[in-house]
Amino acid sequence: MAKDLIIVESPAKVKTIKKFLGSNYEVEASVGHVRDLPSRRLGVDEGNDFLPEYEVIDGKEKVVNKLKSQAAKSRLVFLAPDPDREGEAIAFHVAELIKAKNPNIQRIQFNEITPRAVKEALEHPREINTKLFESQQARRILDRLVGYKISPLLWSKVKRGISAGRVQSVALRLVVDREKERRAFVPEEYWVFKALLAAGQNADAPQFTTELTKIGGKKARIGSKDEATALEKKVKAASFTVSDVTEKERSRTPPPPFITSTLQQAANQRLGYPAKKTMSTAQRLYEGVDLGERGAQALITYMRTDSVRISDDARDAAKAFITEAFGPEYYPPQPRHFKTKGGAQDAHEAIRPVDLTIRPDSLKGDLPSDQYHLYKLIWERFVASQMAAARFWDTTVLVAAADTEWKAKGERLLFPGFLIVTRESDATQELPKLESGQALALVKLQGEQKFTQPPPRFSEASLVRELEEKGIGRPSTYAAIISTLLDRDYCRLDKKLFAPTDLGETVSDLLAEHFKELMDVDFTAGMEERLDKVADGDANWVDLLKQFAGGFYATLKDAEKQMQSVKAGLETGLICEQCGKPLVVKFGKAGPFLACTGYPDCSNTKNFTRDENGNITVVQAEPVQWEKVGTCPDCGHDLVIKKSRTGSRFIACSNYPKCKHAEPFSTGVRCPREGCTGDLVEKSSKRGKIFYSCSTFPKCDFALWDWPIPEPCPVCDSPVLVRKTTKAKGEHIACPNKSCRYMRELGETSGEQAEE
């Protein structure tokens with residue numbers, strides 16, 4: 001009897017689902033998208049209702065052939081990619097490719113990979129949601145039109161190889177505008193005063209700290225040292241008296257469970273994870289992880305959601321767990337229901353554990369550190385969200401001295417509630433017993449000069465929050481947006497804060513000047529709403545594209561004529577010390593640099609940095625003793641090892657610039673990919689991270705982050721090992737395959753490790 005076929009997105013899901021499905025099912029993976037628009041041409045018929053031209057993605061031919069073969073042998077085919085627009089698009093394209101082999105195709109989806117959820121999905125299959133697919137298709141074509149039309153313009157005006165994006169460019173503008181606000185900011189002086197007071201005249205009288213809040217009945221504003229000195233003199237001569245004491249009970253309710261954006265923010269703030277790492281780690285927890293003797297198991301629900309809703313089953317499970325683990329007093333009088341904000345998609349639950357009884361600490365030995373800490377964060381947030389409020393006894397004391405008013409706040413925890421799980425603290429100082437009219441003694445008066453600060457640069461967390469609040473993109477796209485800004489060298493991270501590069505600011509300014517609508521935050525947010533209407537069946541995807549294209553094409557035509565070219569360089573006001581001509585900023589492959597406008601007669605170039613005000617500082621190159629590694633095959637001079645601007649080594653002729661012979665720095669390890677004849681060579685990313693990739697790139701895209709060792713892994717099928725360095729284990733040998741945990745100390749052989 002023919003079996004039914006379930007097609008999921010990732011191989012990790014295959015292992016998890018096979019664990020609890022019967023023998024009547026085969027499970028295969030599409031390994032993400034299988035079809036897309038062409039990689040080297042527009043692939044959209046603009047004169048024929050924007051008809052897209054799809055083709056199988058390079059490298060996916062074997063996957064597609066296997067899916068076709070399995071479909072032909074199956075009774076029914078269930079398409080089970082992720083439950084979102086991208087998942088619906090994957091389901092649509094897989095169906096288009098296999099329907100000739102087997103037309104009996106249905107769509108299923110599940111929010112969590114558990115036996116109950118998967119079996120329930122199989123009992124309630126549906127047709128592919130064409131409206132949801134058309135929404136994804138419209139977004140894809142919009143992004144393709146913007147990228148393919150504007151990027152060549154930027155190549156001709158700024159630098160070849162850079163790109164523009166419908167959403168990424170608006171995100172870049174947020175970063176650039178914030179930087180301009182910082183430069184334009186003029187700090188203002190102000191003073192903060194605190195008074196340490198004693199509740200009596202005795203030496204052992206309890207003391208507490210108050211802060212100046214009012215002068216003459218108005219908010220305290222002290223803007224100079226003279227004003228501060230005058231205030232200090234007046235206050236020291238005055239008597240301090242309690243003017244009011246207010247006491248009341250306050251409760252603090254828990255926050256809702258995580259959605260995509262709040263998970264990214266919390267993981268960045270508390271764990272230091274970039275958004276991209278948070279999402280990839282959450283993806284593994286959702287798809288299923290190997291828990292040793294317990295086998296493969298999914299730990300969290302679907303992680304791309306902007307709804308705080310949870311199922312009744314999850315709420316009931318939380319109640320049972322909380323009352324048993326902490327006591328009935330830790331569960332609220334009524335179950336908690338959180339309201340999802342307007343405009344959010346409510347198709348999926350909030351992010352939560354699939355089984356609350358799997359406590360984080362029980363997984364500490366089974367999960368990699370990043371997965372353990374993210375699961376712990378999700379588990380604690382969900383449990384806390386269903387718990388009773390924390391209760392405090394708050395005391396606020398107002399103190400009068402001459403015409404000034406001072407305030408002190410204190411609190412006492414009455415009941416921890418959800419804080420017992422999150423272990424957060426609101427604690428302020430404990431205040432002594434005080435009464436209105438009570439005289440106080442001044443122990444110490446302290447005034448501190450401060451200056452107002454410019455708006456801070458965005459961190460990953462605050463940039464995600466800004467994107468969410470302004471409706472730019474969707475939670476599932478935030479990680480990709482941020483990665484693109486960094487990978488394109490439009491932004492850099494300065495102490496984990498986003499600062500625009502010269503290239504990023506130049507591109508943003510040019511686009512903002514010539515594509516005002518496209519770069520408008522409200523327009524971009526409005527487009528997301530129109531795409532949502534397509535998904536809901538309330539708008540037509542072709543009409544949306546026609547409406548967009550009408551204004552876009554006209555704007556593009558004007559920009560081609562009017563946009564200023566900066567290929568000659570950006571003015572700096574600096575003079576070349578060799579020939580006296582101006583130095584300009586140019587954009588090279590390895591980043592911006594200073595170059596003389598007298599080129600080619602003068603080839604003077606320099607690296608530089610900018611301070612927070614945009615001022616340029618020339619980086620003085622230190623003399624380097626180059627290591628000789630051979631003879632140049634072109635001119636006979638010595639070959640030496642040099643470093644690129646981003647840090648990777650390469651081999652070049654010492655007779656440069658007369659001889660421009662150069663070659664990559666080889667590791668001496670052949671590329672392990674089957675059929676490839678290249679070597680692994682040292683490279684560095686635009687952010688300066690060293691990696692090792694195939695010398696035949698882009699023909700072969702094999703790459704490793706760590707130094708390769710030409711030795712197969714004795715545990716899995718990896719053809720090479722790597723030399724890694726971590727804080728916990730120091731320098732050691734390991735398998736680059738993330739699912740394999742093989743490692744050994746330096747000096748050990750694989751045989752010694754295997755015998756152990």
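**Figure 1. Secondary structure and overall extent of the predicted model.** The protein has 18 helices and 36 strands, where helices (H or I, at least four residues) and strands (E, at least two) are DSSP runs numbered from the N terminus. This is a predicted model, in which local features need pLDDT of at least 70 and side-chain atom pairs count only at pLDDT 80 or more, while totals for chains, interfaces and linings use all residues. Residues are numbered from 1 along each chain as its sequence is written, and side-chain values use heavy atoms, with hydrogens and water left out. Taken along the principal axes, the box filled by the C-alpha atoms is roughly 90 × 80 × 70 Å. Of the 756 residues, 48% are buried, that is, under 20% relative accessible area with a 1.4 Å probe and protein chains only.

**Figure 2. Domains of the protein.** The division, which comes from an automatic or database domain assignment, gives domain 1 (4–128), domain 2 (138–185 + 455–562), domain 3 (189–253 + 390–451), domain 4 (260–386), domain 5 (570–618) and domain 6 (710–755). Between the centres of domain 3 and domain 5, taken over C-alpha atoms, the separation is 54 Å.

Figure 3. UniProt, in an unreviewed entry, lists Tyr302 for "active site"; UniProt positions are given in the numbering used here, feature names are shortened, and annotations may be inferred rather than shown by experiment. Tyr302 lies in the loop between β14 (296–297) and α10 (312–325), and it counts as buried because its relative accessibility is 0%. Leaving aside neighbours within four places in sequence, Tyr302 is in contact (heavy atoms within 4.5 Å) with Asp82, Pro83, Asp84, Asn111, Tyr286, His348 and Ile351. The side chains of Tyr302 and Asp84 are joined by a polar contact of 2.3 Å, a term for a pair of N or O atoms within 3.5 Å, of which, within protein, one must be able to donate a hydrogen and the other to accept it, and for which residues adjacent in sequence count only if both atoms are side-chain atoms.

**Figure 4. Strand pairing around β16.** Strand β15 (residues 390–401) pairs with β16 in the antiparallel sense over 11 bridges, pairing being assigned if DSSP finds at least two bridges between two strands. Within this pair, Thr396 stands opposite Lys409 in β16. A hairpin is formed by β15 and β16 with two residues between them, and Ala402 in the turn has a positive phi of about 55 degrees. Strand β16 (residues 404–415) is also joined by four bridges to strand β10 (residues 207–215), and these strands run antiparallel; here Lys407 in β16 is the bridge partner of Glu211.

Terms used
Buried means under 20% relative accessible area, exposed over 50%, partly exposed in between (1.4 Å probe, protein chains only).
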